[in-house]
Each structure stands twice: as structure tokens, then as C-alpha cells.
Amino acid sequence: MHHRVSKSTVIASLAAAGLLLSASVQANMYRYTDDNGQLVISSTIPQEATKRGYDILSTNGRVIETIPPAPTAEEIAAREAKKERQRQAEIQQEQDRQLLKRFSHPDQAVRAMHRKIRELEGIIQLKRGNISVISSQLDNEQSRAADMERAGRDIPEATLERIRRLESQIRDVEREIAAQQQDISAMKKEFEADIKRLEVVTGQERTLPLEPE
């Protein structure tokens with residue numbers, strides 16, 4: 001046999017359940033330390049006290065949850081510093097792994113550096129040869145211009161333009177040489193840093209001089 005339950009009875013039952021749930025939630029207590037260092041159990045907790053950490057208690061006094069103290073500025077800074085150290089350690093580990101893929105011994109890096117230096121210095125020597133050729137052409141043009149001046153003739157604009165162009169070419173090549181010399185210095189510093197790191201990670205010292213013979 002089925003019993004019919006009225007709509008009002010259902011609503012009343014739900015409301016009662018809600019009240020019971022609300023009462024259960026509100027019955028939880030807080031245990032915390034007040035500003036004077038005294039342990040307090042209360043149904044409410046001041047905002048400042050939450051920063052010191054507290055316990056949430058059930059109606060029978062059992063600890064339901066422990067909320068830790070909020071970290072201090074120093075603790076936050078120390079935590080961030082630790083994360084940064086870990087991040088840097090991971091970066092260094094990956095750099096070491098890549099370095100060991102290239103060289104298994106410091107002397108291998110020294111030989112590679114010497115080869116690169118010789119290659120770049122060879123290019124610089126070629127550029128210096130280009131300057132010599134351009135300078136010779138410039139000397140010829142300037143000599144012709146000087147001869148015209150001594151003869152009381154006007155120097156053609158085409159001759160003056162060639163002189164300016166040759167002078168500009170020499171300056172351009174000199175700038176290229178200066179830039180490559182800086183590249184050599186920067187490359188040597190990078191290689192020397194890699195060589196020192198290889199000595200650390202492999203436990204082996206280089207036996208070759210840093211400067212190529």
C-alpha cells in the first residue's frame with residue numbers, strides 16, 4: 001500500500017534537513033591563538049588570528065582540519081629563492097648535457113677553439129689583402145689627382161668620386177675586421193668558459209694551451 005506524501009510535508013522535510021545541515025556547519029568551532037598568545041576555542045575567528053594558523057573542530061572537539069600559519073615575507077622570499085636555485089640547477093644540468101654531447105674532454109674543446117680562431121683570423125687576413133689592393137688603387141687615383149693639380153688642371157668629378165668610393169670601401173672593410181676581432185674575443189671567452197666547465201663535469205684537466213701555436 002502506498003502512502004501519499006503531501007507537498008508541504010516534503011518541503012518541511014527539506015527545510016528541516018537544511019536547518020540541520022546549517023546547524024552542523026555552524027556547530028564547528030575554531031581553536032586558535034589570540035594576540036596575547038592564549039589558546040582560544042570559539043565559534044568565530046578574527047581575521048588576524050587566521051594568519052597564525054588554526055584548527056577546525058567538530059562538535060565533539062575532534063580536529064577536522066588544521067590550517068597552517070600564513071607564510072611570512074621572509075619565508076616566501078626563501079621559498080622563491082629555493083625555486084630559483086632549483087631552476088638554475090636544472091638549466092645548468094641541461095647545459096652540461098649539451099656540452100658533453102659536443103666534447104668529452106677539455107682538450108677537445110681547446111682544439112675546436114684553435115680551429116675556429118685560425119678560421120676567423122684567415123678571413124681577417126683576406127680582408128687585409130683586400131685593403132691592400134684598394135689602397136693601391138686609391139694611391140694611383142690620388143697621384144693622378146695630384147699631377148692634375150700641379151699642372152693647374154681641374155680634377156674631374158669622376159676622379160674625386162672614385163677616390164671617395166675607394167676610401168669608403170677601405171673604411172667598410174676595416175669595420176668588418178674590427179667586428180670579426182670582437183667576434184674572436186667573444187668566441188674565446190665562451191670556449192674558455194666551456195673548457196673550465198668541462199674540467200668540472202669530467203673531472204679531467206686540459207693539457208693544451210689556450211692560445212694556439
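Let's start with Glu 48, which at 45% relative accessibility is partly exposed; that label covers everything between buried, under 20% relative accessible area, and exposed, over 50%, using a 1.4 Å probe and protein chains only. Before I go on, a word on what we're looking at: this is a predicted model, where local features need pLDDT of at least 70, side-chain atom pairs count only at pLDDT 80 or more, and totals for chains, interfaces and linings use all residues. Residues are numbered from 1 along each chain as its sequence is written, and side-chain values use heavy atoms, with hydrogens and water left out.

Back to Glu 48, then. Its side chain meets that of Lys 51 in a salt bridge, at 3.4 Å from N to O. By salt bridge I mean a side-chain nitrogen of Lys or Arg within 4 Å of a carboxyl oxygen of Asp or Glu. Lys 51 is partly exposed too, at 43% relative accessibility.

How many salt bridges does a search of the whole structure find? The count is 17.

One of them joins the side chains of Asp 35 and Arg 52, with 3.1 Å from N to O. This pair links distant parts of the chain, 17 residues apart: Asp 35 sits in the loop between β1 (29-33) and β2 (39-42), and Arg 52 in the loop between α2 (47-50) and β3 (54-57). Those element names come from DSSP runs numbered from the N terminus, with helices being H or I of at least four residues and strands E of at least two. Is Asp 35 buried or exposed? Asp 35 is exposed, with a relative accessible area of 66%, while Arg 52 is partly exposed at 35%.

Now over to helix α5. Arg 175 forms a salt bridge with Asp 172, and their closest N and O atoms are 2.3 Å apart. The two are separated by about one helical turn, because they lie 3 residues apart in helix α5, residues 157-202. Arg 175 is exposed, with a relative accessible area of 52%, and Asp 172 is partly exposed at 32%. There is also a network here to look up on your screens: Glu 141, Arg 144 and Arg 162 are joined by salt bridges that share partners.

Last stop, a lysine. Lys 127 is in helix α4, residues 106-150, and at 19% relative accessibility Lys 127 counts as buried. Which residues does Lys 127 touch, not counting those up to four places away in sequence? They are Val 173, Glu 176, Ile 177 and Gln 180, where contact means heavy atoms within 4.5 Å.

Thanks, everyone!
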